[in-house]
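Here's a quick tour of a structure, taken piece by piece. Have a look at the sequence and the model first.

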Amino acid sequence: MIPLSHYLVVSAIMFAIGTAGVFLRRNLITILLSIEIMLNAVNLSFVAFGRSQGTVDGQIITFFVMTVAAAEAAVGLAIVIALFRHRESLNPDAFTSLKW
Amino acid sequence: MLALIPLFPLLGFAINASMGRRLPKGVSGGLASLVMLASFAVSVMVVWQLVNLAPPQRVIEQTLYTWIASGDFVLDLTLRVDPLAAVMILVITGIGSLIHIYSTAYMHEESGPEYARYFSYLNLFAFFMLVLVLGANFLVLFVGWEGVGLCSYLLIGFWFEKKSAADAGKKAFVVNRIGDYAFILGTLLLYVRFGSLDFQRIASAVAPLAPESTFSTLSLATLLLFIGATGKSAQIPLYVWLPDAMEGPTPVSALIHAATMVTAGVYMIGRNAVLFSHAPETMAVVAVIGAATALMAGTIGLVQNDIKRVLAYSTVSQLGYMFLAMGVGAFGAGIFHLYTHAFFKACLFLGSGAVIHALHGEQDIRNMGGLKAGLPITYWTFLIGSLAIAGVPGLAGFFSKDEILFETFAHGHTILWTIGILTSLLTATYMFRLVFLTFHGERRHEAPAPEHAAEEEPTAHGVDAAQPSHQLHPHHSHLHDAPPAMALALVVLALGSVLAGYLGIPHALGGGNAIGNWLAPSFSARSVTTLATGQVAEAGQEAGETVGGERGLELSLMVVSSIVALVGIALAAFIWLKRREIADRIAAAFPGVYRLLLNKYYVDEVYDATLVQPIRIVSQEGLWRGVDVHIIDGAVNGTASVIDGSSSLLRRLQSGSVRAYAGSLFIGVVLILGYYLWR
C-alpha cells in the first residue's frame, strides 16, 4: 500500500506546478488551466486523506470541488472570450483599465 | 377660581394669535380688553375672599397639578394669593385693563393683522405677569419671569422694520438674560440649601435662623436673586435697556416698562422678605444700589429731550426708590410705592402717548409747547400725574415716597435719606420741566437747536429724520385731544393717582397705614401659625411705637419732603416757564456736566467699550475664527484629509497587474498557513 505521504508529495508538486503556471504564463487560458491543476492537486490530497482516515468526507468534498471547478471553467472561459473580443489579446497585462 | 385669573388673558392670546388676522379690529381689540376686565373681576372676587379671612390665614392656594416629579424632587404647579400677590394682581389686571382699552384707540392706525398681533402680545404679557405674581414657588415665578421678558422683547420690537426698535428689543432681551442667569443660580443655591423651592417653606426654614453676620450662603443666594432683579427692574448696573425700550408703542411702555414688569424685581424681594432680611449684607447692597440708581437716573432725566425717555429715566429712578425701601427693610413701603407708582407712571406714559398721538409721532419736547389749550384732558391728567410723582402733599406719590424716606431715616441710613430727598427734588424738577416744556409757552420747532448742534445726541437726529411729516402740518390745526377710549384710561388713572395713596395714610397723620398692615403677613413666615401671629402682633406693636415715639420725626420729615417737592416745582417753573435762557446758560456754563448728563454718563459707551466690544472680538476672532474655524472645522476637515492622504498611499497598491494580485494572495496564504503550522 502506498503511504499517505506519497500522495501528498504528488499533490504538493502538482500544486506548485499550477501556481508557477498562474504566475509565469502570459496567456489567460493557460492560467485557467493552471488553476485547474491546482484544484486537482487539492482534490488529490482530499481523496488521499479520506482514504487514509477511512471516511467518505474527502470524496464528497472532491465532488463539490469538481462541480465548482466545472462552473468556474465555464464562467472563466466565457470571460476570457469576452475579453479577447474586447482587446484582441489574451495577455493579462493588457487588462489594466480598472487600475487607478 | 384662582387659575381663571391668568387663563383669561391666555384665552385672549390664543384667539388673537390664531385667528386675529381674520377678525375685524374692533373684535380683536375688544376681546383683548374684555378678557382683561374678566380677569380683573375674578381678581376682585378673590381679593374680596381674602379680605374676609382673619389676617394670619389670608392665603388662598390652588394646586393645578404636579409639574415635575423626579425622584426626591417634586414640584407642583401651585398658584397662591396672599396680601402681597393680591395687591399685584389688582394692579396688573386693573391698570392692564385700562391700558388695553387705551390701546384700542392708540393703535388704530395699524392694519388688522398687526393690530391683532399687538393685542395677542399684550394678553400674553398679562398672562405671564399673573403667573409670575401668583406662582407659589421659584420655578413657577421663573416661568412668568422669562415669559414677561419674552413679551417685553416682542413688544419693544413691535415695529421691527425700524432698526432702532429691533435693536432695542434685542438689547433688552440680552441684558435681561444676564440678570436671569444670576437668578437661576440663586434659585439653585436656595434649593441646595433648603431642599425646596416653595416660598413659604423657604421662609419658614429661614425664620428660626439668626441673620447672617458674615457673607455666606444666604447672602450669596439673595445677592444672586437681586442681580436678577436689577436686570428685570432696570437698576444699576443692568438698567441700560429700559430707556431704549421706549422704542415700543407707548401703551407698552406704560404697562410693561412702568407699571408691571419692571416692578417684578421689587415684588420678588418682597415675596422673599424673610429670606432677604436674614442677609443684611445683601440688604445693604440693595439699598445702596437703589439709592444710587434713583439719583443717577434722576440727573439724567433732567436733560433728556425725548418725552418718553424722560419718563423712562423717571421710572428707573422711582424703581430705585422701591429698592431703597426694600434694602432698608421697609418692605411694605416699597410695595406701597410700587402700587402708587403704577397709577401715576401709567397715567404719565399714557398722557405722553396722547401727546405723541396728537402730534403724529413727534417725541422731542423741544418741538412741543403750548399744547395745554389743544389737549385739555391730556394736560390735566398729565399735570395730576406729575404732581403725584413729585410728591405734592395729598396725592398718591406723597404718601408712598414719604413712607420710604421716613423708614430710611428711621432705620438710621441718613446718607441714603439725603440721596432720597435730593432725588425727590430732581423728580419734581424734571417732571415739571417736562410739563412746562410740553404744555406751556408757545409751540416751538427748535430741535435740533442751532446752538446745541454740536452737542446733539444722534438719536434726536434720527427721530427728526424719521418724522419729517409733522413739519408739513400747520402748527395748531391738527391737534386733537385724546379720543374717548384714551381719555377714559387717562381720567381713571389720574383719579387713581390722587386717591391711591389714601390706602396708606401714615400713623403720624392719624391714618392706620392700612396697606402696611394688609401686607405685613406676607413679609413674615406663616407656616407656624403661632409664630406668624406673634410676628404680626409684633409688627403692629412696632407700628404703635411709631405713633408714640417718632411721630414728631415723621411729621417733620414729611414737611421737609413736601417743601423739597414744592421747591423743585418752583425751580422748574422759574427756569423753564419764566426764563428759558437760564437753562441754556447753565448748560453753557457747565458744558462738561451737561454733555455728561445728555449722554447718560456715557454708560452705554463704557459698556460697549468694556463688555460688548471685547465679547465681540473674543467671539469673532477667538471663538469664531479661532475655535470654530480652526479647531472644530479643523477636526472635521483633518479627519477627511488624513483619510485622503492614507488612501492616496494605499491606492498605489492597485497596480492593475493580475499577477501581482495573485502573488500577494499567494504570499499571504503561505504566511498565514506557515504561522499556524510552525507556531
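## Ground rules

This is a predicted model, so to speak of local features takes pLDDT of at least 70 and side-chain atom pairs count only at pLDDT 80 or more, while totals for chains, interfaces and linings use all residues. Residues are numbered from 1 along each chain as its sequence is written, and chains are lettered from A and ligands numbered from 1 in the order in which they are written.

## Chain A

Chain A has 3 helices and 0 strands, which gives the pattern α-α-α along the sequence. Helices here are DSSP runs of H or I with at least four residues, strands are runs of E with at least two, and numbering starts from the N terminus. With a radius of gyration of 17 Å, well over the 13 Å that the globule rule gives for 100 residues, chain A is more spread out than a compact globule. That radius is taken over C-alpha atoms, and the rule is 2.2 Å times the number of residues to the power 0.38.

Along the principal axes, the C-alpha atoms of chain A fill a box of roughly 50 × 25 × 25 Å. Buried residues make up 14% of its 100 residues; buried takes 20 or more other C-beta atoms within 10 Å of a residue's own, exposed 12 or fewer, and partly exposed is in between, with C-beta atoms placed from the backbone.

## Where A meets B

On chain A, 9 residues are in contact with 10 residues of chain B. Contact asks for C-beta atoms, placed from the backbone, within 7 Å. The chain A side divides into 5 nonpolar, 2 polar and 2 charged. Ala, Val, Leu, Ile, Met, Phe, Trp, Tyr, Cys and Pro count as nonpolar, Asp, Glu, Lys and Arg as charged, and the others, Gly among them, as polar.

## A helix pair in chain B

The axes of H15(B) (residues 331-358) and H21(B) (residues 484-499) come within 8 Å and cross at roughly 150°. That makes H15(B) roughly antiparallel to H21(B), a label for angles over 145 degrees. Contact residues include Phe343(B) and Leu350(B) of H15(B), and Met486(B) and Leu493(B) of H21(B). In this contact, 11 residues are nonpolar, 3 polar and none charged.

## Leu275(B)

Leu275(B) sits in helix H12 (residues 273-277) of chain B and counts as buried, with 23 C-beta neighbours inside 10 Å. Its C-alpha atom is 6.1 Å from that of Ala203(B), 72 residues apart along the chain.

Technical notes
Axes are lines fitted to C-alpha atoms, for helices over the stretch in contact, and angles run from 0 to 180 degrees between N-to-C directions. Angles under 35 degrees count as roughly parallel, over 145 as roughly antiparallel, 65 to 115 as roughly perpendicular and the rest as oblique. Two residues are in contact if their C-beta atoms, placed from the backbone, lie within 7 Å.
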